[in-house]
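Come along and follow the entries with me.

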Amino acid sequence: MQDFIVIKGAREHNLKNIDLKIPRNRIIVITGPSGSGKSSLAIDTIYAEGQRRYVQSLSSYARQFIGELQKPDVDYIEGLSPSVAIEQKTVSRSPRSTLGTITEIYDYMRVLYTRIGKPYCYNCGSPITVQDAENILLSVLHMPAGTRLQILSPVVRERKGEYRKELQQMRREGFVRARIDGEMIDLTGDIILRKQKRHTIEMVVDRLIVKPGIERQLKSAIESALNFSDTVIINLIDRNEDILFSRTLACIKCGLSYPEITPMFFSFNSTLGACPVCHGLGYENLIEEISESDELIPCKECGGLRLKKEALGIKLQGINIGEFSRLSVKRALEFINNLSLSEREGLIAGRIVKEARDRLHFLRWVGLDYLTLDRPAATLSGGEAQRIRLSTQLGSSLTGVLYVLDEPSIGLHPRDCRKLLETLSEIRDAENTVIIVEHDADTIMWADYVVDLGPGGGRSGGWVVAEGSPREIQEIESSPTGMYLSGRKNIPLPSQRRKPKDYIKITGITEHNLKGIDIKIPLGIFVCCTGVSGSGKSTLVLDVLYKALLKELYGSRVKHGKFRSIKGTEKLSRVICVDQKPLGRTPRSNPATYTGIFTHIRDLFSRVQDARVRGYSPSRFSFNVQGGRCENCKGEGYKKVEMHFLPDVYVPCDECKGMRYNRETLAIRFKDKSISEVLEMTITEAYDFFSKIPLLREKLQVLVDVGLGYIKLGQPATTLSGGEAQRVRLAKELGKRSRGDTLYILDEPTTGLHFVDIERLLNVLNCLVEKGNTVVVIEHNLDVIKCADYMIDLGPEGGEDGGYIVATGTPEDVCRNERSYTGFFLKKVLEGLTEFQAPGVTA
């Protein structure tokens, strides 16, 4: 096996024909300013080539379903291993997907509850016992005379298949009817079932009317039904109602029977286990995709536990599987570790318990012990989703694999970051190669080898500025990263801390894990909300403060987090939340369209002499309407190719070659550039190109100021990271005329930013404050925190052990608080930087 991954002539995107020799079985960090080509090298070149070679290794039969993957623009790569990319994409938008299901912990618990769970009657709480044919007979005979019923035996329950053999066997036995998927079917006809669909087949054994003298016929029918299944269904024809009887489980007091207990009995994605009211979603009026506007009201039938009451009657150590799912990872691990099993139960469940325990332990390792197992996947941040994927890889025991991670430190407090780094070391020590795209100083210093790209972003990036160990990088003066790591350059502290002009006061906050806290939010200054992961920062700032202000200032009906009172909102005129959600879900949305710049560019092209002669209006230069766009790709420039077993890929349109427009539209040129060529410009290039047009110059200047000079004007929104999307939103707001008295909220704005870019972002935020606005930032980055005027530090831990105010005040005040984890790490930064220039406080 080779000791290095050798890359020759990498030219993907802005990479400048670079050559690299990366050591295998090491942790390699690829860093550099935003847009310098980090993702182009790590994901679009190294990972993409590894994936392409994997597809090539498949049989020709398998490849026909996948198609050919495009080779990255590189001469060759040697020493490449099978590659796995662990990115920041949200796992699923479906409310059926939870932390427990995507980590398979819930699947193991379903098996555990099936094997050793103790059933109790959901009606009276008594233990469930076996019910024989005689008891079933007596229960039916006690029904009112004249009751019409049919006796069914469930032969197949919620399983995939065609079941031709089973249906033929029923015909041979003399049965003529069956209820298949809820519909009564004549067995004498030809029955074709879809192989990939789950089916329920209930054979009709007999049809009767309750009256004297039917005992013998009824007993014979019940015994016949029990020959095929442990469960008998008595279908009351006139009421279209089923009564279940089981010779395995029944309540002595109530007479209620349970069906056969299988793992599917605890699945909220199956009709066997799902609550009949909310259909396993746990909430009222919820569709199959969670959106921000959804007001999640727990289902009254199941209390938000998603399952039928019969399934919730099965308990282990006093709690049912729904209650187990509500535990945090930390509490769930304690529950598993404290299980008291008999010798027999230990033999049955030992392996299951170990698998569940290991997965919970891996989640703790990556700093996610505050999450609950029933947490919907759609509500996870990109960083949390990435660390969940990372935890699943820890349990895979793979060796000789190349892992590519994109900023795994996002959303992590400095305290939790060390746990993550130890986890990555575990993966490396199992003889794997770990490549990380990262800006975090601790992660860079932890690496075995660093590749620093730059020196700038976009066209001015794509070069290898430095490579070597972290110590070697620090000695290279041409490396921007090395300059910051060595301390020769740093982000300066503010000369003074501003004092608040006023406060918003919120009392009795009890949303999620917040413990009835009272808080004062300073106005007119730069505020940082800090704390370990899961301490309640997002709950306080986004769910309580932001949504309460939406209601107070705009009369919004959005439901805010629970609190007792709020005062001081009259001091504000607007509230703006600049989040990291995608700008759009299709490639049609891009920075130019989102910020409104493209409207002015289209207007400019319509005024060109050739356009006026031909009568072209601004709409002619829109790729969203007919007329000027390429109709083959409908103005998208690309066509989607479904990859079946792999993510969909986009290939350039054959007609317009990715240019979006038809020939006539592309013939119109402004300063010798077509509309398509303008969209291909980076923000910085567009700023120079339109420098003589004040309106466009101002809007483009703002995008450059927030560190987005390297992205293209027409770059599809679907390709922007969460941090880039957030900064595009920020630029749009900055482009508006400021009235002051506005509260801006930003959630981790340093996502994806290098030290150089963070300094630029801080200048933008401080400009907002200088204009009389308030900026509230949720942040873990110590370079941002140290520059704040005021801090609100939550904790002390995450999840159930968080939700308290640990410290408030200036960064210097928080550093003096011994209970604050943030203060502990911040103190090192402040002392290391400015022993002699601690900022004062303005009077």
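This is a predicted model: local features need pLDDT of at least 70, side-chain atom pairs count only at pLDDT 80 or more; totals for chains, interfaces and linings use all residues.

My entries on cavities and on one helix pair follow.

Entry 1: I then looked up the cavities and found three of 30 Å³ or more.

**Entry 2: the largest cavity.** I read off a volume of about 100 Å³ for the largest cavity. Its lining includes Thr98, Tyr106, Phe268 and Asp374. I also found the run Gly304, Leu305, Arg306 and Leu307 among the lining residues. Sorted by class, this lining has five nonpolar, four polar and three charged residues.

**Entry 3: the second largest cavity.** Here I noted about 40 Å³ of space. Among the residues lining the second largest cavity are His413, Val532, Asp793, Leu794, Arg819 and Tyr821. I checked which elements give two or more residues to this lining, and they are β33 (790-795) and α29 (821-833). The classes here are five nonpolar, four polar and two charged.

**Entry 4: a helix pair.** Next I turned to helix α11 (residues 343-365) and helix α12 (residues 382-394), whose axes are 9 Å apart. How do α11 and α12 lie to each other? The angle is about 130°; angles over 145 degrees would count as roughly antiparallel and 65 to 115 as roughly perpendicular, so α11 and α12 are oblique to each other. I noted a right-handed crossing for α11 and α12.

**Entry 5: who touches whom.** On the α11 side I listed Phe362, Leu363 and Trp365, and on the α12 side Ile388, Ser391 and Leu394. This contact has five nonpolar residues, one polar and no charged ones.

How values were computed: Residues are numbered from 1 along each chain as its sequence is written. Side-chain values use heavy atoms; hydrogens and water are left out. On a 1 Å grid over the protein atoms alone, a cavity is a set of points where a 1.4 Å probe fits but cannot get out, and a pocket is an open set with protein on both sides within 12 Å along at least five of seven lines; lining residues have an atom within 4 Å of a point. Grid points are joined across faces, edges and corners, and a volume is the space filled by probe spheres set on the points. Ala, Val, Leu, Ile, Met, Phe, Trp, Tyr, Cys and Pro count as nonpolar, Asp, Glu, Lys and Arg as charged, and the others, Gly among them, as polar. Helices (H or I, at least four residues) and strands (E, at least two) are DSSP runs, numbered from the N terminus. Axes are lines fitted to C-alpha atoms, for helices over the stretch in contact, and angles run from 0 to 180 degrees between N-to-C directions. Angles under 35 degrees count as roughly parallel, over 145 as roughly antiparallel, 65 to 115 as roughly perpendicular and the rest as oblique. A crossing is left-handed if the near helix is turned anticlockwise from the far one by less than a right angle, and right-handed if clockwise. Contact means heavy atoms within 4.5 Å.
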